[in-house]
Amino acid sequence: MNSKTPLINYTEKPDPELVDMAREGDTQAYDELVRRYSRRLHTMLCQMLRNEADAYDIAQEAFIKAYRCLRYFSGRSAFYTWLYSIAANEGRSFLRKKKKENNYSINNDEHGDALEKDSRLADGDLYSDPERRAQILDLKKKLIQALDTLSFKHREVVNLYDIQGLSYNEIASILNISEGTLRSRLHYAHKHLQGLLADEMENFS
């Protein structure tokens, strides 16, 4: 009678357990973490870099770096928060390099393509109506344009809080700022965006 190793259902494992398994060399456990957060990380980096291909490359770099540094992950924060901080640092380094090369443009058609694809998946049945679909995409494009008028530090907190849904504590930890500073930046950014998008939101129903 042959004994068989029980199959592991990685999808049911919580993040901390997957991290521990990955530390012990279980690559499938880490593959599950990548599966869980790859889309979310890529979307965040698209917001930051304004380029889908660059966002994909930086996301891959972040996952590789996180895997190599798993031994340093203390578990005091959520795995995604830690992963995000790695990806955000990689993204900032990339932007600084691009800026030095004078090749970085805030307006990129690839980002528009990514926005439309993410919107289609997120909004589901709303896209069964072509007119409604056009309205939603137009509003989202105007939101992107409004975000682009913010400074990087204000756009970043909007991305983290309103788009990524992270808590004040998580964001303050990632950005290494006080919660008071974070709230101040968010207040300014929200007020600025509301002023730019007031007419669009009133007309959208």
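User: In what do the side chains of E32 and R35 meet?

Analyst: They meet in a salt bridge, with N and O 2.6 Å apart. The general idea is a side-chain nitrogen of Lys or Arg within 4 Å of a carboxyl oxygen of Asp or Glu. This is a predicted model, where local features need pLDDT of at least 70 and side-chain atom pairs count only at pLDDT 80 or more, while totals for chains, interfaces and linings use all residues. Residues are numbered from 1 along each chain as its sequence is written, and side-chain values use heavy atoms, leaving out hydrogens and water.

User: Why are E32 and R35 separated by about one helical turn?

Analyst: Because they are 3 residues apart in helix 2. Helices are DSSP runs of H or I, at least four residues long, and strands are runs of E, at least two long; both are numbered from the N terminus.

User: Is E32 buried or exposed?

Analyst: Read the relative accessible area: under 20% is buried, over 50% is exposed, and in between is partly exposed (1.4 Å probe, protein chains only). E32 has 6%, so E32 counts as buried. R36 has 23%, so R36 counts as partly exposed.

User: How many salt bridges does the structure hold?

Analyst: It holds 9. Another of these pairs is R92 with E156, whose closest N and O atoms are 2.6 Å apart. This pair links distant parts of the chain: R92 sits in helix 4, E156 in helix 7, and 64 residues separate them. Both R92 and E156 are buried. Elsewhere, shared partners join D15, E32, R35 and R36 into one salt-bridge network.

User: What is R92 in contact with, leaving aside neighbours within four places in sequence?

Analyst: Contact means heavy atoms within 4.5 Å. R92 is in contact with M48, F152, E156 and L175. Take M48: it is 44 residues from R92 in sequence, but the two C-alpha atoms are 8.6 Å apart in space. R92 has a relative accessible area of 16%, so R92 is buried.

User: What does D54 touch, not counting residues up to four places away?

Analyst: D54 touches L49, F94 and K98. D54 is found in helix 3. Its relative accessibility is 19%, so D54 counts as buried. Now compare chain and space: D54 and G91 are 37 residues apart along the chain, with 9.1 Å between their C-alpha atoms.

User: How many helices and strands does the protein have?

Analyst: There are 9 helices and 0 strands. Of the 205 residues, 40% are buried. Look at contacts between residues at least 6 apart in sequence: 63% of them join residues at least 24 apart.

User: At what angle do helix 1 and helix 2 pack?

Analyst: Axes are lines fitted to C-alpha atoms, for helices over the stretch in contact, and angles run from 0 to 180 degrees between N-to-C directions. Here the angle is about 140°, and the axes are 7 Å apart. That makes helix 1 oblique to helix 2. The cut-offs: under 35 degrees is roughly parallel, over 145 roughly antiparallel, 65 to 115 roughly perpendicular, and the rest oblique.

User: Which residues of helix 1 make the contact?

Analyst: D15, L18, V19, M21 and A22 do. Helix 2 answers with A29, Y30, E32, L33, R36 and Y37.

User: How many residues does the largest nonpolar core have?

Analyst: Nonpolar side chains tend to be buried together in soluble globular proteins. A nonpolar core is a set of buried Ala, Val, Leu, Ile, Met, Phe, Trp, Tyr and Cys residues joined through side-chain atoms within 4.5 Å. The largest one here has 50 residues. Those with the most contacts inside it are Y30, L41, L45, L49, F79, Y80 and L83. Elements giving two or more residues to this core include helix 2 (27–49), helix 4 (79–101) and helix 9 (179–203). Follow L41: beyond four places in sequence, L41 touches A59, A62, F63, Y80, L83, Y84 and A87.

User: Where does R50 lie?

Analyst: R50 lies in the loop between helix 2 and helix 3. Its phi is near 60°, a positive value in a residue other than glycine. With 1% relative accessibility, R50 counts as buried. N176 also has a positive phi, about 60°, and is not a glycine. N176 is in the loop between helix 8 and helix 9. At 70% relative accessibility, N176 counts as exposed.
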